[in-house]
Amino acid sequence: MIKAIVTDIEGTSSSLSFVKDVLFPYARARLPDFIKSHQDHTEVQHLLVAANQLAGGNLDEKTLIAQFIHWIDTDQKITPLKSLQGLIWQEGYCNGDFTGHVYEDAVRNLRHWFDQGYKLYVYSSGSVQAQKLLFGHSDFGDLTPLFSGYFDTHIGGKKEAISYERIAAELGLPAEQILFLSDIKDELDAARQAGLATCWLVREQAPDAAAAHVQVSDFDGIHL
Ligand SMILES: CSCCC(=O)C(=O)COP(=O)(O)O
Ligand SMILES: [Mg+2]
């Protein structure tokens, strides 16, 4: 019996296009100036140190910025990059430059599940801050009251089974009572390996007849 639902963001509850065509270019364009103008911010300093270590260490500012841009262009889920993007997007949401795209079917079903007593969580490669911003400034208003918690890559990569074992431990539930929703098969495979129930959102993809996961075209197809 499912008691908790953990949803991915990009491609699942929000569109690929919003992330790739709005959020990523926004952060990419502002990242160099953001780093230069936040040199004395402790949080930014820590992120730069962490990124520098991941890049091999001792990069000067120009090279480190080029490294960040490369990570963005190749959509790498590097934790300090994701945290930095969240800080930059905060300005975008607060300035009203954009609102968070969330699919209408996702909002309707998340609200319904919440009302029925299911616990709702988010697990995304985007930082927890970025997740809260997207759902807090969504096209449907503030959706954060629906969620009991958020997970990002600090708990581990989304294609690693250990991450889902840790999430189940944090939720205090047997893995089989947790349903994970994603658009990426490798993530679903990892969740399934950890014992979670899975559902594949194949919104803009052709269904895969060979896959072990339930496949639905939107949240209306999910039956708990
Ligand atoms: C939290 S909004 C930005 C999403 C993001 O940065 C990203 O890399 C998308 O990853 P997801 O795990 O949501 O597919
Ligand atoms: Mg996704």
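Predicted model: local features only at pLDDT ≥ 70, side-chain atom pairs only at ≥ 80, totals over all residues.
Figure 1. The side chain of arginine 203 meets that of aspartate 105 in a salt bridge, with 2.8 Å from N to O. Arginine 203 belongs to the loop between β5 (197-201) and β6 (214-216), whereas aspartate 105 belongs to helix α5 (residues 104-116), so this pair ties together parts that are 98 residues apart in sequence. Aspartate 105 also counts as buried, at 9% relative accessibility. Side chains of opposite charge can pair when their charged atoms come close.

Figure 2. Arginine 108 and aspartate 220 meet through their side chains in a salt bridge of 2.8 Å, N to O. Because arginine 108 lies in helix α5 and aspartate 220 in the segment after β6, the pair ties together parts that are 112 residues apart in sequence. Arginine 108 counts as partly exposed, at 37% relative accessibility. Aspartate 220 is likewise partly exposed, and its relative accessible area is 36%. In the model, the count of salt bridges comes to 11.

Figure 3. The protein chain is divided into domain 1, formed by residues 4-16 + 99-221, and domain 2, formed by residues 18-94. The centres of domain 1 and domain 2, taken over C-alpha atoms, are separated by 25 Å. In the region of contact, 17 residues of domain 1 meet 13 residues of domain 2. The size of an interface is often given as the accessible area lost when the parts come together. Domain 1 and domain 2 bury about 1,300 Å² between them, and 60% of this area is on carbon and sulfur atoms. On the side of domain 1, the residues that lose the most area to domain 2 are Glu10, Gln129 and Leu133, which together account for 32% of what that side buries.

Figure 4. Helix α6 (residues 128-136) gives the most to the side of domain 1 that touches domain 2, contributing 4 residues. The residues on this side of domain 1 divide into 4 nonpolar, 12 polar and 1 charged. The count of salt bridges between domain 1 and domain 2 is 2.

**Figure 5. A network of salt bridges.** Glu10, Lys20, Asp75 and Lys77 are linked in a network of salt bridges. Lysine 77 counts as partly exposed, at 35% relative accessibility. Aspartate 75 is also partly exposed, with a relative accessible area of 27%.

**Figure 6. Aspartate 73 in helix α3.** Aspartate 73 is placed in helix α3 (residues 61-73). Its relative accessible area is 48%, so aspartate 73 is partly exposed. Aspartate 73 and proline 25 are 48 residues apart along the chain, and their C-alpha atoms are separated by 9.2 Å.

**Figure 7. The surroundings of glutamate 187.** Glutamate 187 is located in helix α8 (residues 185-193). With a relative accessible area of 7%, glutamate 187 is buried. The side chain of glutamate 187 makes a polar contact of 3.3 Å with the side chain of lysine 158. Apart from residues up to four places away in sequence, glutamate 187 touches Asp8, Lys158, Lys159, Tyr164, Phe180 and Ser182.

**Figure 8. The surroundings of serine 14.** Serine 14 is found in the loop between β1 (4-7) and α1 (16-37). Serine 14 counts as buried, at 0% relative accessibility. Not counting residues up to four places away in sequence, serine 14 touches Ile9, His101, Val102, Tyr103 and Leu134.

Definitions and conventions. Residues numbered from 1 in each chain as written. Chains lettered and ligands numbered in written order. Heavy atoms only, no water. Domains from an automatic or database assignment. Contact = heavy atoms within 4.5 Å. Buried area = accessible area lost by both parts, 1.4 Å probe. Salt bridge = Lys/Arg side-chain N within 4 Å of Asp/Glu carboxyl O. Helix = DSSP H or I, 4+ residues; strand = E, 2+ residues; numbered from the N terminus. Nonpolar A, V, L, I, M, F, W, Y, C, P; charged D, E, K, R; others polar. Buried < 20%, exposed > 50% of the residue type's maximum accessible area, 1.4 Å probe, protein only. Polar contact = N/O pair within 3.5 Å; in protein donor to acceptor, adjacent residues only side chain to side chain.
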